[in-house]
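Have a look at it first, then read on.

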Amino acid sequence: MTGTTEPTALDVLLLPAFAADDFDVEKDLPDEFERWRESYEFENSVSVSGANMPVYYTDDGIGITSTGMGKADAAATVTAILAGERFDCSETYFLTVGIAGAPPTVGTLGSVFVADSIVDWDRKHRWAARDGETTDERERPLELLSYRPHDYVYHLNDDLVTEAVRVAKSVELLDSSGTEAYRNRYEQQAARSKPGVDVGTTLCGDEFWHGATISEHAQWLTEQYGAGTYATTEMEEMGTATALDRFGLLDRYLSVRGVANFDRPHDGQSIRESLHDGVQAETFDVTLENVRRAGSAIVEELRDGGDVNGETG
């Protein structure tokens, strides 16, 4: 750690959700953090009060820290960094980089999505279908939160997202035989396709839901906020975006997520089998590497003068 007391200016701050050290279990879990540690020379580190772990940074302005899993952890970590005095983030680009789920009707394993909108899955009315009304307009057992102060959606900087997608599309993505074999168990054309780069809404929630029925509910909620079709599901972006928005920095935010699992089983597979056994270690490896490749290309474009100005929605 350097001895200077002057704030360190960061060009880019990478925000994976978790590192292996975040888990206190004896299980081989994916590590969103370590692959990036191997990609840049993070010579320096500093602890930030309130953050999930130290912030590591290079001498030329790239920082990284894992936020912790879930919206509350992400919001707390990002807020601690922005409110602290150790880093100057006034000109920083913020990139969430990590894995996500996706509906097989939209994307496939190993693909990378850049989010153009973020929808909050958790803040709504919901009830068990067997306990609710059965009239036509009430067959769906959820509705928007009636006393919300605003809609729970962020529309991100269109120009920044467009530039990020353009750059990411130039990157060669990996695939694997095991990943291909698994996705070919699905009948949807999108699920059976090769990994690629695309753009779409990310649906953020602390609940790790699974199955086609809840997916229909998720799509309905996304449409209510004018966010189109959801492409990925994850647990951190709404917390990160809320913190950045409070500090006036949301227009400098990108969510870059790789698809590591489908959000429902294939035909003949149970929910529990899909949820617990549906992703092989090699798929995690392929997906994390594809996120690193796409994310690194975006980072270098931003640092090479690819400054994109625009308003957030």
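1. Ground rules. This is a predicted model, so local features need pLDDT of at least 70 and side-chain atom pairs count only at pLDDT 80 or more, while totals for chains, interfaces and linings use all residues. Numbering runs from 1 along each chain as its sequence is written, and side-chain values use heavy atoms, with hydrogens and water left out.

2. The largest pocket comes out at about 1000 Å³. Of its 41 lining residues, Pro-30, Ile-99, Phe-208, Asn-261 and Phe-284 are the closest to the centre. For the method: on a 1 Å grid over the protein atoms alone, a pocket is an open set of points where a 1.4 Å probe fits, with protein on both sides within 12 Å along at least five of seven lines, and lining residues have an atom within 4 Å of a point. Points are joined across faces, edges and corners, and the volume is the space filled by probe spheres set on them.

3. What lines it. Strands E7 (93-102), E12 (197-204), E13 (230-234) and E14 (253-262) and helices H8 (271-277) and H9 (281-303) each supply at least two lining residues. These elements are DSSP runs numbered from the N terminus (helices H or I, at least four residues; strands E, at least two). By class the lining has 21 nonpolar, 8 polar and 12 charged residues (Ala, Val, Leu, Ile, Met, Phe, Trp, Tyr, Cys and Pro are nonpolar; Asp, Glu, Lys and Arg charged; the others, Gly among them, polar).

4. Helix H3. Buried residues of H3 (residues 158-168) include Leu-160, Val-161 and Glu-163; buried means under 20% relative accessible area with a 1.4 Å probe, protein chains only. The buried residues of H3 pack against E7, strand E8 (112-120), E12, E14 and H9, with contact meaning heavy atoms within 4.5 Å.

5. Helix H7. Here 8 of the 10 residues (237-246) are buried, so H7 is largely enclosed by the rest of the structure. Among the buried ones are Glu-237, Met-238 and Gly-239. After H7 comes Gly-248, with a positive phi near 70°.

6. Thr-283. This H9 residue is buried, at 3% relative accessible area. Leaving out residues up to four places away in sequence, Thr-283 touches Leu-109, Thr-179 and Ala-260.

7. Cysteines. How many disulfides does the structure hold? The count is 0, using a cut-off of 2.5 Å between cysteine sulfur atoms. Cys-89 is buried at 6%, and Cys-204 is buried at 0%.

Terms used:
Buried < 20%, exposed > 50% of the residue type's maximum accessible area, 1.4 Å probe, protein only.
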